[in-house]
Amino acid sequence: MLKLVLGGSGSGKTTLLYARIRARAEKGLRSILLVPEQFTSSTEGRIYRELGDALSGMVESFSFTSLAEHILSAEGGAAVQTLSDAGRAVLVRRALEELQDNVHYYYRHRRSAAFCQMAAQTIDELKSAGLSGTQLAELAPGCGPESGKLAELALIFQGYETLLAGTGMDPADRLELAADRLEAALARGQLPEFLQEREVFIDEFDTFNAPKKRLMGAMLAALPTVTVALCDDGAPMVPGDMGLFSGAKQVAAQLRQLARKNGAEVAA
C-alpha cells in the first residue's frame, strides 16, 4: 500500500513519520527510513533523539544509493565495478574514436577532457530520464535543425552503452540492478532478510528519476506499506505549472500511478 503525507514546509510531515516509526518500534516492529543522500548523517542523530537508545535499533536509515547497495549485497551484484566520472569520460572518448567515420559534429572534440566529461553527464541525464541510446536515435529525426547533432549524440550514447557493458556500470545503473534483483527475489517469494516484515518511510526525494521509479515500483510490489512525505502547498496541479511545489504534485501523481501499476493499493 502507498500512503502519501502531503503538506507545506514546517507542517510536521517529518514529525509524523517519526511518530509512526516510533509507534511501530514500541510494538516490536522494524522500519526503514529513506532520506536524500545529503541528510543521511543527520538522520542517524535524529533517530536516536526521537526514539532513544532502546528503540532506535528498530529502524534503519538509508539513501536510495545505500539501499541499492544493501540489496545488491544480499542478492548479488555488489562486486560489479562502478565507473568514476573520469572513467565514464574515457569511455565517451573511446566511443568517439570508434565512430570517427560516422560522427562529424563532435569528432574534433574527442581529445577535449571537458567535452567528454560534459557528454558523459548528458548521457547520465538522459539515462536518468529513462532514455536509451536507441530511443534517442529514434527521436532525433523529428527534432528539426538540431536533429543532426542529436543523431550523432545518439550514436555516441549507443557506443558508450556497448563499451560500458563490457567494463562496468554507471552509478545510476546500480539502482536499476537493485530493482532487478528485488523483482527477481519477489518472483521467488524470497525477499532479502533486511526487508522482511518492514515498512518503508520516505522523507522527501532529492530527485525522482527513472532508476528511482523502478526501485520504488519494486518496493511497492514487495512491501506491505510504503509511506512517502512530500512538501506541497496544497494547490491543485496545473499543467505547465513551474511553481516551487509543482514537482511534489507531479511526484505524488507518478507515485499513485506507479503503485497501481505494481498492484499496490493507494490510501485515500
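1. The secondary structure of the protein consists of 10 helices and five strands. The model is a predicted one, and the remarks below should be read accordingly.

2. As to overall dimensions, the C-alpha trace spans about 65 × 45 × 35 Å along its principal axes. Of the 268 residues in the protein, 43% are buried. Among contacts with a separation of 6 or more, 75% are between residues 24 or more positions apart.

3. Two packed helices are described by the angle between their axes and the distance between the axes. Helix α8 covers residues 171-188 and helix α9 residues 210-222; they pack at an angle of about 20°, and their axes lie 8 Å apart. Angles under 35 degrees count as roughly parallel, and α8 and α9 are therefore roughly parallel to each other. The crossing of α8 past α9 is left-handed.

4. The residues that form this contact can be listed by helix. From α8 come Ala172, Leu175, Glu176, Ala178, Ala179, Asp180, Leu182, Glu183 and Leu186, which meet Ala210, Pro211, Lys212, Arg214, Leu215, Ala218, Met219, Ala221 and Ala222 of α9. The residues of the contact of α8 with α9 comprise 13 nonpolar and five charged ones, with no polar residue.

5. On the cysteines, a disulfide requires a pair of cysteine sulfur atoms within 2.5 Å, and by this rule the count is zero. Cysteine 116 has a relative accessible area of 1% and is therefore buried. Cysteine 143, at a relative accessible area of 34%, is partly exposed.

Methods. Residues numbered from 1 in each chain as written. Predicted model: local features only at pLDDT ≥ 70, side-chain atom pairs only at ≥ 80, totals over all residues. Heavy atoms only, no water. Buried < 20%, exposed > 50% of the residue type's maximum accessible area, 1.4 Å probe, protein only. Axes fitted to C-alpha atoms, helices over the stretch in contact; angles between N-to-C directions. Helix = DSSP H or I, 4+ residues; strand = E, 2+ residues; numbered from the N terminus. Parallel < 35°, antiparallel > 145°, perpendicular 65-115°, else oblique. Left-handed = near helix turned anticlockwise from the far one by under 90°. Contact = heavy atoms within 4.5 Å. Nonpolar A, V, L, I, M, F, W, Y, C, P; charged D, E, K, R; others polar.
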